[in-house]
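Student: I would like to walk through this structure and learn what each term rests on. Please set the values against the definitions as we go.

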Amino acid sequence: MRSIFTLATLMVATLLAGPSMAAPAPDDWKTVLSEARGQTVYWNAWGGDVRTNDYIDWVNRQVQAKYGVDVVHVKVDDTGVAVSRVLAEQTAGNRRDGSVDLIWLNGENFAAMREHDLLFGPFARHLPNFSLTYPEHNPEVVTDFTLPTDGYESPWGKAQITFYYDSARIASPPRSIEAILDWARHHPGRFTYPRIPDFTGSTFLKQALLSLTANPEPLYAPVEESDFESVTAPLWDYLEALHPHLWRDGRQFPANGPAMRRLMADGELDLAFTFNPSEPAAAVDDFELPPMTRSYVLDGGTLGNVHFVAIPANSPHKAGAMVVANFLLSPRAQAHKQDITVWGDRTVLDVTRLDDPARKAFAATSDNPALPPRGALQTTLPEPHPSWMTALQEEWRKRYIRE
Amino acid sequence: MAVLPAFGYLPALGGQALSLTPWQDLLAQPGLARSVILSFTTGLVTTAVSVVVVLLFLAGVAGTRLDRWIQRLVSPLLSVPHAAAAFGLAFLIAPSGLIARFVSPGLTGWERPPDWQIVQDPWGISLMAGLILKELPFLLLMSLAMLPQLDPVRRTQMARSLGYHPTLAWLKVVTPALYPLIRLPIFAVIAYASSVVDVAMILGPTMPPTLAVSILSWFHDPDLSRRFMASAGALLQLGVTAMALLTWWMLERGIRYLGYRWVMNGHRRRGDAMLRNTGKILILLATLTAFIGLGSLALNSAAGFWHFPDLLPQGFTPRHWQHALPELSVSLITTLVVAIISTLAALILVLAALENEQRTGRRPSEARLQSAQGLLYLPLIVPQIAFLFGLAVVLESLGIRIPSVMVVFGHLLFVLPYVFLALSEAYRRFDPRWLHLAASLGTSQNAAFWRIRFPMLLGPILTAIAVGLAISIGLYLPTQLLGAGRLPTVTTEAVALAAGGSRRIIGVWALTQACLPLLGFILALGLPRLLWARRQGMKGTL
């Protein structure tokens with residue numbers, strides 16, 4: 001009887017205390033830390049990669065020991081699922097007791113959530129470790145597909161388009177967008193890109209457009225401000241020429257990056273690409289890709305972007321979520337994440353500006369031959385404005401989907 | 001809740017007024033007509049093939065060892081989740097799949113997989129094949145559960161005494177009586193096949209995909225304004241499914257007319273052997289395909305690097321399994337608890353409803369009852385994503401935010417109609433003379449239920465439980481959307497990991513997902529045998 005009573009009191013207490021604790025002032029870090037203790041942070045993150053999942057599990061153990069915060073990884077197959085959930089809650093008028101506390105996202109998803117006021121903030125600038133990214137020198141950590149993040153999301157890692165191939169089959173892979181067309185002519189059916197609107201596939205379109213256009217400047221402003229047809233004409237000409245030489249004659253495309261990797265594993269493709277530079281090396285370790293797999297970046301650089309974590313406006317555990325976001329930015333967490341044997345996701349910290357002991361943690365390099373050669377990821381092309389992605393996707397679907 | 005956004009009303013997204021814009025956007029989508037036709041034909045063709053094969057097989061069953069063996073082999077397939085079967089089939093028939101490896105390079109000279117469009121073909125053939133693999137066992141099991149009350153043995157004996165060959169005899173005297181009993185399951189198959197998402201994503205066409213897949217992608221589009229169009233699409237899907245059902249209903253009329261003449265034409269042996277063997281061969285082919293597909297998943301789950309023309313991987317490794325084990329064990333428990341609670345709740349509700357119907361003497365033809373049942377089947381027919389988004393909003397507004405309660409409730413909604421399907425006909429056709437006899441001996445209604453009806457219907461009841469468990473274990477969207485992802489089941493984990501595309505990991509999870517409901521089936525098959533070991537007449541239900 002007594003335990004039931006205690007339980008009831010506890011429940012009432014949680015009900016009363018929950019919302020009032022939900023919105024600590026991000027600039028008062030001490031209070032944030034004390035409020036965070038004992039909270040459980042439901043982190044909605046894409047769960048398609050075992051290494052990422054293991055890393056999140058490691059984060060959970062760390063913040064549990066250090067800050068008394070529990071992290072539960074809610075694995076989603078598509079970030080849109082988590083956005084849907086927040087949206088459904090908002091639709092129902094649930095403004096303080098949402099089920100998502102932290103969400104892994106960038107680009108379109110961020111733009112959409114921001115536009116509809118689904119995010120909490122600004123908080124990122126108040127995270128103690130955020131200063132280690134030196135945003136004044138690295139604008140990419142506060143810019144998401146040209147949109148200013150305004151502190152509504154905190155940087156977590158970096159991705160860059162990286163090509164990979166089986167060196168047992170190919171001696172010299174094509175090193176530019178133009179060379180890919182030439183190469184495809186000589187190796188029909190051995191290259192493809194993920195089906196639009198997949199984001200890796202869409203990035204290939206943007207990469208090609210950036211390489212083919214004489215003047216990339218309009219791509220960094222909203223698409224409405226320029227003549228879409230004339231700017232993108234070189235891209236469609238290129239695709240018209242390329243498609244007949246693609247896998248399945250360009251009439252069918254793999255669903256996404258991982259599906260393309262599987263085609264590589266099955267020997268259907270000879271050349272593929274990914275957004276995660278260490279993915280091919282990890283796949284070789286997991287017996288998925290052939291042992292002679294090698295990675296590289298196109299001459300002149302490839303598109304890259306930063307991925308972030310954000311806190312939905314109706315999260316009941318904002319303090320806990322901020323503590324987790326801050327821990328993710330710690331040199332220890334970032335160095336662990338960059339370790340190829342762990343995940344291999346590149347750091348967002350400005351390593352050159354860190355103090356010595358912190359810098360040392362990042363010094364460990366891997367000699368895994370399937371990784372891109374050192375220095376290959378130096379030239380990163382910034383992402384165009386998100387409106388271009390949507391416009392390119394629409395146009396692609398109009399052109400290539402059968403009626 | 002899905003209807004309002006379809007007409008532009010969703011305040012959270014700034015849609016305050018009703019409009020037709022979502023419909024205009026929808027109709028402007030490239031490939032929409034093709035998507036609609038694909039969904040429609042998939043629903044009808046899958047069902048037609050499955051029904052014909054099941055009937056032919058049942059007609060040809062002569063109690064030989066092969067027949068019994070096939071029957072025993074098919075039933076557990078019902079419990080294999082659709083996605084797992086689809087993955088298995090895809091790996092079997094793909095240009096780099098097991099079949100191609102088996103004949104390469106020896107027969108074909110292929111050192112590399114041929115550039116052929118087999119899986120995800122634009123006509124949806126591989127999609128239909130994948131669905132048929134799964135619908136065959138469902139319809140077969142449903143038929144087997146209904147058959148005993150028709151007393152097929154004596155019916156065919158009668159026909160045979162008039163000179164009909166066995167298969168023709170069965171088709172001519174049992175089919176017309178059996179069909180009405182399995183009609184509802186058939187409708188469920190049409191609805192399912194025309195709106196399925198997971199199988200269509202794995203095996204279905206892609207440019208454009210089926211309507212249901214398109215809708216899902218619109219619902220998940222980062223551009224939140226697409227949700228209006230997605231809701232309109234969901235209504236369109238409802239229309240497509242309804243059209244497929246209506247078409248089937250008209251086909252039924254036509255076949256009844258033609259079939260009547262065929263039954264009455266008096267031919268006693270024409271085509272008998274051919275019919276008998278076709279059914280058997282087709283069902284055997286489907287069953288073997290499904291099992292080899294599952295076998296290939298097992299191979300994958302333990303495979304090292306696997307080069308193309310090699311029939312077997314270069315090495316085997318336990319690491320994929322070792323790695324998954326901790327997560328597996330947690331989600332296994334959740335999965336089982338949710339499945340058992342929702343299935344038992346569904347069973348109790350269905351039994352109570354049917355018993356009440358029997359005692360009060362109300363028949364399903366009564367309008368009110370019929371509409372209540374129509375509601376029951378709604379979750380099967382309305383596209384899950386639209387239905388669930390609406391449901392999530394409703395439950396949210398009611399302030400119900402306990403994920404475990406919501407998940408069990410969501411599962412119950414989907415389990416209930418299947419349990420009802422599996423049980424209702426057997427229940428209603430139960431020979432009332434048994435109960436009259438009991439009553440005349442002074443047995444109360446409750447006692448009659450427990451001592452006569454329940455034990456005699458144990459076969460169908462266990463089938464219903466097995467179906468319920470299998471459905472619950474396979475549910476993805478209800479678990480994910482209603483539980484806010486906080487109740488990881490084997491299926492939600494499998495789908496999340498499948499997004500990563502590693503066939504090794506898919507192998508591990510799909511295999512677990514497939515084996516779990518199998519337990520339920522072994523129970524459903526084994527229990528009556530054990531319990532009625534000494535009562536010959538009651539063993540044959542499964």
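Tutor: Gladly. Two strands pair if DSSP finds at least two bridges between them. Strands (E, at least two residues) and helices (H or I, at least four) are DSSP runs, numbered from the N terminus. Residues are numbered from 1 along each chain as its sequence is written, while chains are lettered from A and ligands numbered from 1 in the order in which they are written. This is a predicted model, in which local features need pLDDT of at least 70 and side-chain atom pairs count only at pLDDT 80 or more, whereas totals for chains, interfaces and linings use all residues.

Student: How do you know how confident the predictor is in chain A?

Tutor: pLDDT is its confidence in each residue, from 0 to 100. Chain A averages 88, and 93% of its residues score at least 70. Residues 1-22 of chain A are below 50, and beyond near neighbours in sequence this stretch has nine contacts in the model. A contact means that two C-beta atoms, placed from the backbone, lie within 7 Å.

Student: What makes strand E1 (residues 40-46) and strand E3 of chain A a pair?

Tutor: E1(A) and E3(A) share two bridges, in the parallel sense. The definition asks for at least two, so they count as paired. One bridge links Asn44(A) to Ile103(A) in E3(A).

Student: Which way do the residues of E3 (residues 102-105) of chain A point?

Tutor: Leu102(A) and Trp104(A) point one way, Ile103(A) and Leu105(A) the other way, and all are buried. In a regular strand the side chains alternate between the two faces of the sheet.

Student: Which residues of helix H2 (residues 29-36) of chain A are buried, by that rule?

Tutor: They are Val32(A), Leu33(A), Glu35(A) and Ala36(A). Their cover includes helix H3 (50-67) and helix H11 (318-328) of chain A. Just after H2(A), Gly38(A) takes a positive phi of about 90°.

Student: What makes a set of residues a nonpolar core, and which residues touch the most other members in the largest one?

Tutor: A nonpolar core is a set of buried Ala, Val, Leu, Ile, Met, Phe, Trp, Tyr and Cys residues joined through C-beta atoms within 7 Å. The largest holds 221 residues, and Val323(A), Val324(A) and Val419(B) touch the most other members. Helix H19 (residues 403-428) of chain B gives the most to this core, with 16 residues. Leaving aside residues up to four places away in sequence, Val419(B) touches Ala346(B), Leu347(B), Val350(B), Ala464(B), Val467(B) and Gly468(B). Another core, of 44 residues, lies apart from it, and Leu246(A), Met264(A), Trp388(A) and Trp396(A) are among its members.

Student: How many residues does each chain give to the contact between chain A and chain B?

Tutor: Chain B gives 51 and chain A gives 58. H18(B) gives the most to the side of chain B that touches chain A, with five residues. By class, that side has 25 nonpolar, 15 polar and eleven charged residues. Here Ala, Val, Leu, Ile, Met, Phe, Trp, Tyr, Cys and Pro count as nonpolar, Asp, Glu, Lys and Arg as charged, and the others, Gly among them, as polar.

Student: What are the domains of chain B, and how are they set?

Tutor: Domain bounds come from an automatic or database domain assignment. Chain B is divided into domain 1 (39-297) and domain 2 (319-542). Their centres, taken over C-alpha atoms, are separated by 22 Å. Each domain gives 36 residues to their contact.

Student: And what does the assignment give for chain A?

Tutor: Domain 1 of chain A is 7-156 + 306-367, and domain 2 is 160-304 + 381-400. Their C-alpha centres lie 30 Å apart. In their contact, 13 residues of domain 1 of chain A meet 13 residues of domain 2 of chain A. Helix H5 (residues 107-115) of chain A gives the most to the domain 1 side, with three residues. By class, that side has four nonpolar, four polar and five charged residues.

Notes
Buried ≥ 20, exposed ≤ 12 C-beta atoms within 10 Å, placed from the backbone.
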